[in-house]
Every structure is written in structure tokens, then in C-alpha cells.
Amino acid sequence: MEFRPGLENVVAAETTISFLDVENEEIVIRGYDLIELAETKSYVEVAFLLLEGKLQSEQERARFENELLAKRELPDVLYDVFSKLPKTTHPMDALRTGISILAGFDPLIDDRSEQANKTKSINLLGQMPSILASSYHLLNQQEVIPPDENLSYSANFLYMITGKKPTELETKIFDRSLIAYIEHEMPNSTFAARVISSTHADLYGALAGAVSSLKGHLHGGANEAVMYLIEEAGTKENFERLIKQKLANKERIMGFGHRVYMKKMDPRALLMKKALQQLSEQRGDFRLLEICEAGETIMREEKGLYPNLDYYAAPVYYMLGIPIDLYTPIFFSARTAGLCAHVIEQHNNNRLFRPRVKYTGKRSLKVQQ
């Protein structure tokens, strides 16, 4: 049996959900190009596509969004738990805790049928922004910001975080960022969710495991690390100096390189770079754009590496007024639609994951009498 560290290039599942076509620079989502979807559709529409396998009519879109908005409320016990968590609790841990608690309130918890799983998915998609925003505010001893009945799903998500009603451009850019993160074939967190669900564990358990996977800094967290590095530098010149210094010390620069995108730029990064340009032009402030472009040039020339999604999503979120330690939780919240689609697919055509090992330990040792 051939051993591939990290299961690199090992096919782990057959799926109709998504595929990374690196040669053609396309992220395929249910047959559609993700970038085209991001430029023409809303997050809610792409979430529906992932769950149902088809794009909606306008009537279906409005009905689905209203259904998500109707599911925003959380059981009171969650607010109580969030307020009592240690103030040092990481927002990803609060998110995982919230998902786990919700499991106990779901009467369909043990139903693995496709329809039951879709019902759970809709509930979770509606509740995820509320879990993220309310847990963050309570951990920081702030008032929870209730949703605004007049705002769309994405506008409400952003509003509940910042307390400021977003402009049309801000809503559009935030919505596109959610689509950029919504689904990406078989990264570690998706694989974790499928492995867990292959035991016939419920959807909540699979997503709680996926949160734990995404919290690891080798998978999630790059967007936060990028922004902290930009903040540390402050200026374009300092950023260039800092990156060169880190390269000389053989340190990893977060936001660059990807197991799949080895020789080409992540198309989602380009989508967010355009968003950063739009925000910069609207506000007449090009500092973050200039810093990021300088870093992109150095990494391409020095290491032959290109930005991934996190590199340009970070300054976009910063300009939208989002606290840095919420960047990865937003990543997960956006990915919930894709994760739910994978769990549904796994349950519908299940085979328990049970790989083997390449044993490198000792043999034939004798027990001393």
C-alpha cells in the first residue's frame, strides 16, 4: 500500500458538490464557476445551490432567504453560556460550543434522512451569524446587537458584528467574501466533517469537528495572521522589510501558497483584491492595498508564491470594521453551507472511513520473563 504524507493527491470521495480545476483556474460548484457565481449571485443563492443542487428562481430565492432570517433566534441558554465562558475563550471555541448546544434542541437530531439533514442545515445557516456575533459581544462584555428586520442575510450578519448598517457596496463585498469561502472541495475541515459523519454521527457533531479542524493554524487563521502582520508593519516600506526579514529567517509568510494552487494565483484572492480596490477607491484610502500589493510582488519574485484567499480577505474585513479575531469564525460560518452539503452527501451514500497505516515501529520484541 502506497503511503502519501498528508494524503496528498489521494482521492478520498466521489462528489457532485465541488472540484478545484487548477489547470483551467476554475472552482467548480455544482457545475458552475465559483467566481462567476460570486459576481452574479448572492451568498443565499449559492447556499441553496449547494444544498439543493440547482439555482433558484427569484420567488424561491426570496422564500429561502426569509426562511433563513426566520431561524436567527437562539435558545436563551446559549446567551447565558456565552456570558459565562472565560473571557479568554477563542471565538472559534465559542462557535464550537454554540453548535454543540444547539444539537440538544433539535428534535431531528437522530434523523439522518436527506430531508431532515436539509432542515438542520437551514436552521444552522440561519443561526450561525447569531452564534458568531452574540458570543463575540458577550465574551467582550458588550451588548448583543439584535438583527434588523429590514436587512438582508449578509447585511444583517455584518450589522450584528459591527453595529453599523453597511452601505450597498459594503454589503455586496461582504456577501462576495462569504461566497469565496462557501465551499472548496476537500480541505482538512471538510474531510474531518465527512470522516465524522461516515460513522453516522449527526450533522452538529460533524460541524463541531470541522470547527476544531479549522481552528488549527495550518488550515484556518491565515487571514488573522495576515492582518496582524500588516498591523505590525504599518507602512508599505516596513511591510516589505518585515517580509524580507522573515524570508531570510526561513519563516513562513501566512496568506501565500496553497496545497492545490502551487503555480497560479488563487482565483478567490483575485476576487478579494478587486474588492479591496473598490473599498480603497470609495474611501480614498489606498494604504492597505499598496501594502498588500508590495508583499505580493516580493513573494512572487523571491519565492514564486502567490496569494491565497486569506491574504486579500484580511484587509477587506479590516476595512469593513470587523474585529480581527472574527475572521476565521466568519470563514467557518460561510463554509457551513458547503459542509452541510458534504455531510448530506456522505449520509446519502455512506461508507465508513477506515484507512490503514504504514507501520515503521519495531517487531518481534520479546517480553522479559
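A: Begin with accessibility: a residue is buried under 20% relative accessible area, exposed over 50% and partly exposed in between (1.4 Å probe, protein chains only). The model is predicted: local features need pLDDT of at least 70, side-chain atom pairs count only at pLDDT 80 or more, and totals for chains, interfaces and linings use all residues. Residues are numbered from 1 along each chain as its sequence is written, and side-chain values use heavy atoms, without hydrogens and water.

Q: Is His200 buried, partly exposed or exposed?
A: His200 counts as partly exposed because its relative accessibility is 40%. His200 sits in the loop between helix H9 (188–197) and helix H10 (203–215); helices (H or I, at least four residues) and strands (E, at least two) are DSSP runs, numbered from the N terminus. The phi of His200 is near 70 degrees, a positive value in a residue other than glycine.

Q: Which other residue has a positive phi although it is not a glycine?
A: Glu25 does, with a phi of about 50 degrees. The loop between strand S1 (18–21) and strand S2 (26–29) holds Glu25. A relative accessibility of 47% is why Glu25 counts as partly exposed.

Q: Where is Ser100, and how far apart are Ser100 and Asp33 in space?
A: Ser100 lies in helix H5 (residues 91–103) and, at 42% relative accessibility, counts as partly exposed. Ser100 and Asp33 are 67 residues apart in sequence, and their C-alpha atoms are 33 Å apart in space.

Q: Is His137 buried or exposed?
A: His137 has a relative accessible area of 4% and is therefore buried. The residue belongs to helix H6. Contact means heavy atoms within 4.5 Å. With neighbours within four places in sequence set aside, His137 is in contact with Gln142, Glu143, Val144, Ile145, Met160 and Ile161.

Q: How many aromatic pairs does a search of the whole structure find?
A: A pair of aromatic rings is described by the distance of the centres and the angle of the planes. Rings of Phe, Tyr and Trp (its six-membered ring) pair if their centres lie within 6.5 Å; planes under 30 degrees apart are stacked, over 60 edge-to-face and the rest tilted. The search over the whole structure gives 9 such pairs. In one of them, Phe157 and Phe174 are edge-to-face, with 5.4 Å centre to centre and 85 degrees between the planes. This pair links distant parts of the chain, 17 residues apart: Phe157 is in helix H7 (residues 153–162) and Phe174 in helix H8 (residues 168–181). Phe157 and Phe174 are both buried.

Q: Why is the pair of Tyr317 and Tyr327 classed as it is?
A: The ring centres of Tyr317 and Tyr327 are 5.4 Å apart and the planes stand at 65 degrees, so the pair is edge-to-face. Distant parts of the chain are linked here too: Tyr317 in helix H15 (residues 309–319) and Tyr327 in helix H16 (residues 327–348), 10 residues apart. Tyr317 counts as buried at 0% relative accessibility, and Tyr327 counts as buried at 0% as well. Phe157, Phe174, Tyr317 and Tyr327 form one aromatic cluster.

Q: Which residues touch the most other members of the largest nonpolar core?
A: A nonpolar core is a set of buried Ala, Val, Leu, Ile, Met, Phe, Trp, Tyr and Cys residues joined through side-chain atoms within 4.5 Å. The largest has 114 residues, and Tyr43, Ile322 and Phe332 touch the most other members. H16 gives the most to this core, with 11 residues. Apart from neighbours within four places in sequence, Ile322 is in contact with Leu158, Ile161, Thr162, Phe174, Tyr317, Tyr327 and Ile330.

Q: How many cavities does the count come to?
A: On a 1 Å grid over the protein atoms alone, a cavity is a set of points where a 1.4 Å probe fits but cannot get out, and a pocket is an open set with protein on both sides within 12 Å along at least five of seven lines; lining residues have an atom within 4 Å of a point. Points are joined across faces, edges and corners, and a volume is the space filled by probe spheres set on them. The count is 2 cavities of 30 Å³ or more. The second largest cavity holds about 30 Å³, and its lining includes Phe157, Met160 and Arg72. H7 gives the most to that lining, with 4 residues.

Q: What is the volume of the second largest pocket?
A: The volume is about 470 Å³. Of its 15 lining residues, Glu2, Leu7, Val10, Pro355 and Arg356 are the closest to the centre.
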